[in-house]
Amino acid sequence: MSVRKEEEHVVQRALRRQLLQGTIDRRQFLTRSMVAGLGMAGVAAATKTGIGPAFAADDRPLTPTFYQWIENLHPGIATVNGEFPGINYQIAPVEGFGIERFVAEAKAGESTWDVYVGQTPFVEMTAMKEAGVIEPWDDYMPKEVLDDIIPSIREENTIDGKMYGWPFLLDVIGTGWHSGLTDKAGVADEAPATWDDFLAAGQKVVDSKAAPWGATFDSHGWRSVAPITHSMSTDVYTPEGLFDFTSEPAIEALKLMKTIMAMANPDILLEGATDAGVNGTPDEVAFAAQRVALYFKYFNAPLRMAANWDDPTLLHLGPLPKFPNGEGSTVFWTTGCALFKYGQNKEKAAEYIKALTYDPQIWKDSIVGTPSGHPGQLPPYKSIYADWDANKPDWMPPFVGLVRGQLDRAKAITNNLFGLQQFVIGKPIWETYLKGEESDPKVAMQKVVDAVQAEVKKG
Amino acid sequence: MTQEATIPLSPPLARRHEPSWFGKNRPVIVRHAVIIFFMIIIILPLVWVLMMSVKSLPDSMRGDFWPRQFDFTHYSFVFERIRTLPINLFNSIYVTTATVLITTACAVLAGFSLVHLRPRGAGIVVAVLLVSLYFPVRVVSIISIYQTQNWLGLINNTAGLILPYITLQLAISILIMRSMFQLVPHELIEAAKIDGAGAWRTLLTIGVPMVRNGLVVVFIVNFVTAWGEYLLCLTLIDDEAKRTMPVVLAAAQGGQGQWAWPNLAAVYVIVVMPGIIAFTFAQKLFFKGLMEGMVKG
Amino acid sequence: MAQTIASDQAGVHSNRLGGRAFLRLGTGAWLLLLPALAFFVGYQVWPIVRVLWLSFTDYKFLSNDPSQWVGLANYVEALGDPLMWQSLWRAALFTMMFLPGTIILPLLLAVLIDRVTNRRLATIYRVVLLIPAVIPSTLIFVLWKWMYNYQVGPINHFLVNTTGLFTLQNAPQWLGGTPLTLPSIAIMEIWWGLGYHTIFFLAGLAAIPKDLPDAARIDGANEWQVFWHVVRPRLAPIMMILVVLRFGTAMAVIDEYLIFGGFNRASPTYTWTIFMYDQAFKTGLWRQGYAAAIGMIGAVAMMIVMVLLIRIFRPRD
């Protein structure tokens with residue numbers, strides 16, 4: 001409540017100054033004071049009618065907005081917020097990666113918020129840049145931070161040579177398995193080196209009845225088609241930056257998915273339970289119920305699901321399998337922060353994000369887990385890893401080194417306006433092959449490309 | 001079994017020419033069996049949630065009815081660890097309470113007025129109220145309600161929810177109270193007028209006590225509706241901390257982390273139990289009110 | 001509010017504005033009606049009127065362009081979009097799955113409970129039946145969403161582990177856009193309304209004089225004949241009200257589809273209400289003018305069928 005009072009006071013001061021300077025007249029002063037009295041919630045409504053310029057003089061408190069799941073998984077954020085008194089912390093209205101609100105505000109030249117934490121480069125970054133919602137961090141990010149970012153991550157967040165995203169939470173796709181189940185099945189307790197090993201292990205689990213299902217994955221394209229494709233080759237993007245669904249590696253990936261499905265939970269293709277179907281997916285439930293032995297997804301998924309086991313330490317992690325002659329790469333992405341072009345407090349925002357992303361407690365909680373959750377997401381900075389290498393903390397589990405190592409081999413999905421959309425559009429189409437309605441994967445994938453192209457042309 | 005059988009009970013062991021006890025009472029037994037079958041179907045899901053709330057985490061993922069290991073810590077966990085839970089509960093409580101009180105008051109006033117004060121045009125008002133029950137008002141009007149709230153600056157404002165919530169069951173509340181007041185003999189009201197009482201006094205001292213049962217019905221109906229309202233809260237409020245409890249529960253992250261299923265179940269029990277308990281105490285009045293209201297309507 | 005109590009007992013015709021004059025003028029009546037009417041008009045009548053008006057414009061909430069009057073263009077576009085018809089049909093499908101169960105089962109239960117002579121048992125039955133009715137709607141949906149969970153929900157656990165009717169491989173996939181999704185929601189709704197409708201019918205049955213069915217029984221009619229010839233005609237008016245009301249609520253379902261489904265156009269839960277909501281609050285620039293037209297079309301379609309239903313099932317006296 002005191003945040004609101006401070007806002008009003010600050011705004012009143014600004015308005016009074018403007019009135020004295022003659023920037024606004026009496027009538028505007030009265031109108032805007034009244035609007036200010038409605039509180040920040042009313043600003044969203046009022047700014048549509050053009051009161052926005054009243055706040056152009058940087059006089060509202062820092063207003064970051066977060067994607068809901070980030071707050072759920074990282075309780076340390078609240079502590080960092082405490083270091084910035086008066087901060088107006090918000091949750092973003094972005095279920096299912098929806099950015100319409102941001103786009104609409106940018107069109108009107110306004111922004112209710114200053115910085116958005118939850119941007120994944122291949123998902124929203126291009127769209128936000130094209131719509132003029134965000135601007136680069138280059139003027140505000142300290143140089144030592146910029147240099148501290150791991151090169152592949154820095155490249156992921158760069159468009160036209162500028163940093164449009166300040167990376168925060170790193171996710172890499174790899175393998176997780178239930179060593180209890182694999183032991184019971186007589187399968188070696190190690191990450192399968194190739195996809196053939198993976199399939200063999202899964203089959204053995206099913207045959208020995210150690211578990212109903214041998215392996216599972218998340219059927220969304222960027223969590224399945226993309227990483228499997230990368231494990232063969234990362235040179236699968238068209239000149240425009242779209243994923244090349246008809247490339248040899250992608251077709252092999254699709255065929256592999258179908259093979260895995262024969263030993264996976266039957267509801268694997270269904271949408272998830274929350275966040276517009278993107279989260280709470282069937283693979284997660286199956287893994288958490290200890291009914292499937294092998295699993296590949298970003299590491300925080302098996303980590304979170306294993307918390308439901310009788311013995312969570314039975315979870316072992318390893319790199320994604322590769323194709324016999326493949327590159328052996330995988331997919332990574334970072335969830336980071338975007339700077340609103342029409343927001344304010346830009347220097348303050350940079351300070352805040354720096355504090356947030358370097359906060360040691362957030363990283364410890366993320367790696368070790370808290371009762372609120374065990375995300376297993378990692379930092380983007382070289383210095384933090386160097387620190388850990390130099391003085392290894394006693395709580396450091398082995399998977400961190402594994403992920404860090406994988407990162408050097410991983411590649412991000414290329415940024416594109418349709419970076420995420422292409423997978424969303426393609427999913428029902430390539431699933432016709434997975435469900436057996438279409439017998440030729442090449443035909444299915446060609447249809448995917450056609451559909452994506454149709455959407456791209458619509459503009 | 002029951003005292004229903006008026007036929008003399010025959011011991012099942014004796015060989016007689018009369019049909020056995022089961023044979024004679026078969027219709028009764030079948031009747032109760034069928035009813036009890038449905039009772040079980042109704043209760044079972046709720047019992048399942050209750051069990052879920054005291055299961056250990058691994059057991060919650062197993063689907064067996066009886067856990068291998070009990071874990072009662074979830075109830076304290078949800079209050080201590082889930083940051084927004086007390087806030088959401090508080091939001092639900094005060095929005096619901098305000099809605100129930102205001103709606104009941106409006107309905108009582110309106111019902112009394114329509115029946116005993118008989119303003120001109122009362123017929124039209126009742127007709128419009130009736131029609132509104134059949135038209136999908138809430139669904140279609142959400143667009144405009146959003147705009148109204150936006151104009152009032154009430155988007156993302158919890159207290160602002162009260163305004164649209166009131167109208168959710170307003171029409172039926174008025175109609176119920178109207179039925180109730182129709183059971184109050186008009187002569188009583190007239191007598192009060194002759195005695196010199198004003199409209200208020202008549203209402204408060206004579207009218208309201210006589211429609212007590214109707215009040216219970218209106219209370220419960222509005223309470224249940226306001227507590228569970230999803231669409232309006234989802235649309236009008238973005239911030240999780242400002243939402244009401246049921247909406248947060250519905251969006252809870254797939255049963256993981258702090259929202260692991262036993263925790264969800266614990267919250268569920270906390271939210272649902274008081275209502276059920278209160279209802280079992282008030283049920284006599286509630287049924288009386290329902291019967292009186294429905295027979296008329 | 002004038003609360004003057006006329007002091008003179010004999011003074012029946014008080015001239016002061018208050019007491020009797022207050023009541024006689026009728027202004028008091030409207031004053032008491034005012035709060036209720038204010039809310040009703042403000043949040044039910046006015047919004048509908050405005051939505052109607054909006055449906056004739058191209059209003060987009062997230063856009064700063066002034067909205068233009070476009071006449072019937074939105075309606076033409078909506079009626080020409082196959083999704084409109086598909087989504088209407090899905091709502092109709094759900095209604096057809098839901099209505100019979102929600103009339104027949106409660107009727108059966110009511111007839112049974114009505115014949116129970118033990119007062120305490122009857123009360124216990126009625127209270128238990130009504131428990132779902134006093135659980136807030138969203139919590140009912142959340143409960144059943146868990147119950148229908150393919151992996152760990154009790155329904156599939158019962159089907160697979162307890163009774164062995166299915167295996168883990170072929171157990172029904174209740175939710176998630178499968179063809180079973182609408183029936184699943186229908187079953188939940190029937191469960192939910194069971195108690196409430198049973199009470200409804202019980203009230204109706206209570207209004208039937210006891211000697212009529214008894215006389216029929218003495219004449220030798222069996223239970224079924226008693227029901228069909230004596231009870232049913234008298235329940236017909238109540239049944240019709242319930243059918244029409246429930247038809248209305250079933251066609252206008254939205255919360256359930258938001259919770260159980262999503263915004264996938266191919267999903268069976270994408271009905272006209274979700275279509276309207278999608279256009280108004282989710283996609284693009286929030287085309288609320290277009291969404292208003294969708295809403296109006298759906299509402300009018302529903303009302304037409306309801307009027308037909310009333311015509312067809314009007315009890316012939």
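## Terms and model

Buried means under 20% relative accessible area, exposed means over 50%, and partly exposed lies in between (1.4 Å probe, protein chains only). This is a predicted model, in which local features need pLDDT of at least 70 and side-chain atom pairs count only at pLDDT 80 or more, while totals for chains, interfaces and linings use all residues. Residues are numbered from 1 along each chain as its sequence is written, chains are lettered from A, and side-chain values use heavy atoms, without hydrogens or water.

## A buried asparagine

A:N265 is buried, with a relative accessible area of 1%. A:N265 sits in the loop between α13 (248-261) and α14 of chain A. Helices here are DSSP runs (H or I, at least four residues), numbered from the N terminus.

Leaving aside neighbours within four places in sequence, A:N265 has contacts (heavy atoms within 4.5 Å) that include A:W213, A:P282 and C:Q151. The side chains of A:N265 and A:T216 form a polar contact of 2.9 Å. A polar contact is a pair of N or O atoms within 3.5 Å; within protein, one must be able to donate a hydrogen and the other to accept it, and residues adjacent in sequence count only if both atoms are side-chain atoms.

## Where chains A and C meet

Chain A gives 21 residues to the contact, and chain C gives 19 residues. Across the interface of chain A and chain C, the rule finds 3 residue pairs in polar contact (both at pLDDT 80 or more). On the side of chain A that touches chain C, α6 (100-107) and α14 (282-288) of chain A each give two or more residues. The largest share, 4 residues, comes from α6(A).
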